[in-house]
Amino acid sequence: MRSIIDILDFSVEELDELIACARDIIENPASYADSCRGKKLATLFFEPSTRTRMSFEAAMYELGGNVISMASASSSSAAKGESVADTVKTVSQYVDVIAMRHPKEGAALVASRTADVPVINAGDGGHCHPTQTLADLLTIQREKGRLENMTIGLCGDLKFGRTVHSLINAMSRYEGIKFVLISPEELKVPSYVKRDVLKNKGIPYVQTTDFDEVIPELDILYMTRVQRERFFNEEDYLRLKDSYILTPERLKNAKDDLSVMHPLPRVNEISVAVDNDPRACYFKQVKNGKYMRMALILKLLKEAGTI
Amino acid sequence: MNVDSIQNGVVIDHISAGRGMRLYELLGLDKLSVPVAIIKNVTSRKMGKKDLIKVDADIPINLDVIGFVDPGATVNVIKNGELAEKRSVPMPETLVNVIKCKNPRCITSTEQELDHVFRLTDRENLVYRCIYCETALKGD
């Protein structure tokens, strides 16, 4: 039984396959409208989520399937002390595939080991969020027409941001990728990511605190939120947060075909005025997430012999 | 310094000086009621100084623990006062319930029945990572 815990669970060929499937869904939605007729997805969200949960639900409905879910973690058996393994084992008796979010890192792996149906990790604490990375990859592919040969700027909280680490992992498998890592000193990419991924694979990268200096060379700008709770004092937070706000002013120095991405939710790191810039892709990214989740559900159900 | 030879048991030799106590604890030797000797800072031609552990009882020893703490150590099995077997211990690929994951956000922190499993992910730098949350544990 195949489950998806980490973006690296997929080979590059499988990612290409998923992207091709998502693109076909976009082109021919009607031909997928009954693909999962009579099948059920359970969304097991042990912590609040708006977009990811709705994205999974929308994906399953558009495939002609149904969705069941628990009202909230506080009213579920988890609140009574049931283990993740038992909850998932039980739910897997009712449905064909499970999308699970849990605040604890590694919960998805535990779930996948006991479930009788495929489990999709919809976020396990700060650890992995592979379907966000799938959305990112489809967005890059659709915007650029390729996944190779580009300079990707990652900006903001590069230390704790799970989406950033996943994207580095995923994109470093393609040819001709260069990373520009833009962050305050306190939120630099952890050394193990640099050593294990970038240095090991000989991927060129630049680390900088100067956003304006590097923005002209970027093909992709992936913004992330600088999180207040990471700082010991408010003053540092305010100083650093304000140095990484993307404004129309700043974008003037960027390439005309730059793609600005963000996993959302944003706070103030991208000014609302940027939303009207044709280079802003973050809402397209949300939509792409749904298509990739559709492609993923299809792939897992096919592999499981369910459809 | 002399410690009596053992008749039936295990001698863990060539332990890097200073790691003997850690090995003693992780092997759970402190919980045994059989004679156990830890000898620290013994002069060694090869190593300068080394630690040594002698267990005077034929008990199972978790070789993974030795390979994790000190892959340079050797294990000598003694039977009837004679060396019956001498073996080196490579670093294990996985460690099960040897070390607990200390990441408070790891699922193992709340689900008590789960095994604590670490996998060797970087042999060169002796890095083990929790299979659940990928928190690194450095071999020491």
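Of the 140 residues of chain B, 27% count as buried (20 or more other C-beta atoms within 10 Å of a residue's own; exposed means 12 or fewer, and partly exposed lies in between, with C-beta atoms placed from the backbone). The model is predicted: local features need pLDDT of at least 70, side-chain atom pairs count only at pLDDT 80 or more, and totals for chains, interfaces and linings use all residues. Residues are numbered from 1 along each chain as its sequence is written, while chains are lettered from A and ligands numbered from 1 in the order in which they are written.

Chain B holds two helices and nine strands (DSSP runs numbered from the N terminus: helices are H or I with at least four residues, strands are E with at least two). Their order along the sequence is β-α-β-β-α-β-β-β-β-β-β. The C-alpha atoms of chain B fill a box of roughly 50 × 30 × 25 Å along the principal axes. Among chain B contacts between residues at least 6 apart in sequence, 57% join residues at least 24 apart (contact: C-beta atoms, placed from the backbone, within 7 Å).

In chain A, helix α1 spans residues 12–27. Its 16 residues reach 23 Å from first C-alpha to last, close to the expected 22 Å (1.5 Å times one less than the number of residues). Leu15(A), Leu18(A), Ile19(A), Ala22(A) and Ile25(A) are the buried residues of α1(A). Viewed down the helix axis, these buried residues fall within an arc of 120°, so they line one face of α1(A) (the arc is that of the directions from the axis to the C-beta atoms). They pack against α5 (130–144) and α11 (282–303) of chain A. On the other side of α1(A), Glu13(A), Ala20(A) and Glu27(A) are exposed.

Conventions. Contact = placed C-beta atoms within 7 Å.
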